[in-house]
Amino acid sequence: MRAILFENYKQPVIEKDVPEPSVGDHDVLIRVEAASINHIDARLQAGEFKVILPYKMPVTLGHDLAGTILATGVAVTRFKSGDQVYARPRDFRIGTFAEKISVHEDDVALTPRSISTVEAASLPLVALTAWQALVDLGTVQAGQKVLIHAGAGGVGSIAIQIAKHLGAQVATTVSAKNIEFVRSLGADIAIDYRTQDFESELESYDFVLDSLGGANLEKSLKVVRRGGIVVGISGPPTPTFAREAGLNPVVRLAVAAMSFKTRRLARNLGVTYKFLLMKSSGEQLAQLAKLVDSGVVRPIVGATHPFEEAVSAIESLGTSGALGKEVLLGPGFAVDQPTES
């Protein structure tokens, strides 16, 4: 079957024929009808995660999908052939930029009934990231002040909507041209990062979701009140993350060194810094599907690409100016095909 992969870190992404996947007892075989393109795909190929995610080569890219179940393992009871599903396959089992993929049933949920297959494919990774940052790590409560960086992007556009659902007051950073867009999602305060300094504009925030890292993360720590929480999804990873991920002692030491400066600044400010590497969860995807179908969350798809343009779409991700997510269509799948009810 056709697949989009790389054969070694920092080597070109290519299309290549690969064997069809096997189906374990607890797996479902899914025909990939659409898969979203995420920054982690390019970062994985660049080798940025090789310390904490040591993949064996070659690696088929693609971290989430929507499609149709073609077959189920002998122990699967919650799904059947023909079900329309969406999923974020767990780490070391990614590979949604392909015609088919075998996914553990615990990572799968029925797609929301009210949206298209393409829209469903845009959600799993970013929606799980936003949910786990805001709810699991941030424990965001009604009335709290929340800052979400890059609000017009994939994670940010969903995180704004979830934060408003939780009852938070939401600030976000965007370019001037996207201010009205993020306000339409529910943002109360929109800061133009090109002309305004959010560190000067905001103070005493309860929670920040930082997707940029570096100097932006350091400034984010300074706008949070004592006792507040900053969750970073671009790093640096923390010793707590390394321990919970079961990384070996040598890697744990390396991770501790990587985050030492950030953790020291957070400690001096009386702030908690947490690193999030999102975990797969079919159960949470099922919860998110309810939010979509009730109108609380709407997916944002800024562009779609045919499978034949996969390599160029990955290489140009983030330069197109598209709002929300960019979605890769599965081979032979037409963009206007709706998700079945």
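**Close-up 1. Pairing of strands β9 and β10 in the predicted model.** Leu147 stands opposite Ala171 of β10, within a pairing in which four bridges join strand β9 (residues 145-148) to β10 and the two strands run parallel. Between these strands lies helix α4 (residues 154-165), and β9, α4 and β10 together make a right-handed β-α-β unit. Strand β10 (residues 169-174) is largely enclosed by the rest of the structure, because five of its six residues are buried, that is, under 20% relative accessible area.

**Close-up 2. Pairing of strands β10 and β11.** Strand β10 is also joined by four bridges to strand β11 (residues 189-192), again with the strands running parallel, and here Thr172 has Ala190 of β11 as its bridge partner. The chain passes from β10 through helix α5 (residues 179-185) to β11, in a β-α-β crossover that is right-handed.

**Close-up 3. An open sheet of three strands.** The strands are arranged in the order β2-β1-β4, with antiparallel pairing. Because β2 (14-17) and β4 (59-60) stand at the edges with a single partner strand each, one side of each is left without a neighbour in the sheet. Two bridges join strand β1 (residues 2-6) to β4, and the bridge partner of Leu5 in β4 is Thr60.

**Close-up 4. Contact of helices α3 and α10.** The axes of α3 (residues 124-137) and α10 (residues 282-293) come within 10 Å and cross at roughly 95°, so the two helices are roughly perpendicular to each other. Residues making the contact include Trp131 and Asp136 of α3, and Leu288 and Leu291 of α10; the contact residues divide into seven nonpolar, three polar and one charged.

Conventions: Residues numbered from 1 in each chain as written. Predicted model: local features only at pLDDT ≥ 70, side-chain atom pairs only at ≥ 80, totals over all residues. Heavy atoms only, no water. Axes fitted to C-alpha atoms, helices over the stretch in contact; angles between N-to-C directions. Parallel < 35°, antiparallel > 145°, perpendicular 65-115°, else oblique. Contact = heavy atoms within 4.5 Å. Nonpolar A, V, L, I, M, F, W, Y, C, P; charged D, E, K, R; others polar. Pairing = 2+ DSSP bridges. Buried < 20%, exposed > 50% of the residue type's maximum accessible area, 1.4 Å probe, protein only. Right-handed = clockwise from strand over helix to strand, strands pointing away.
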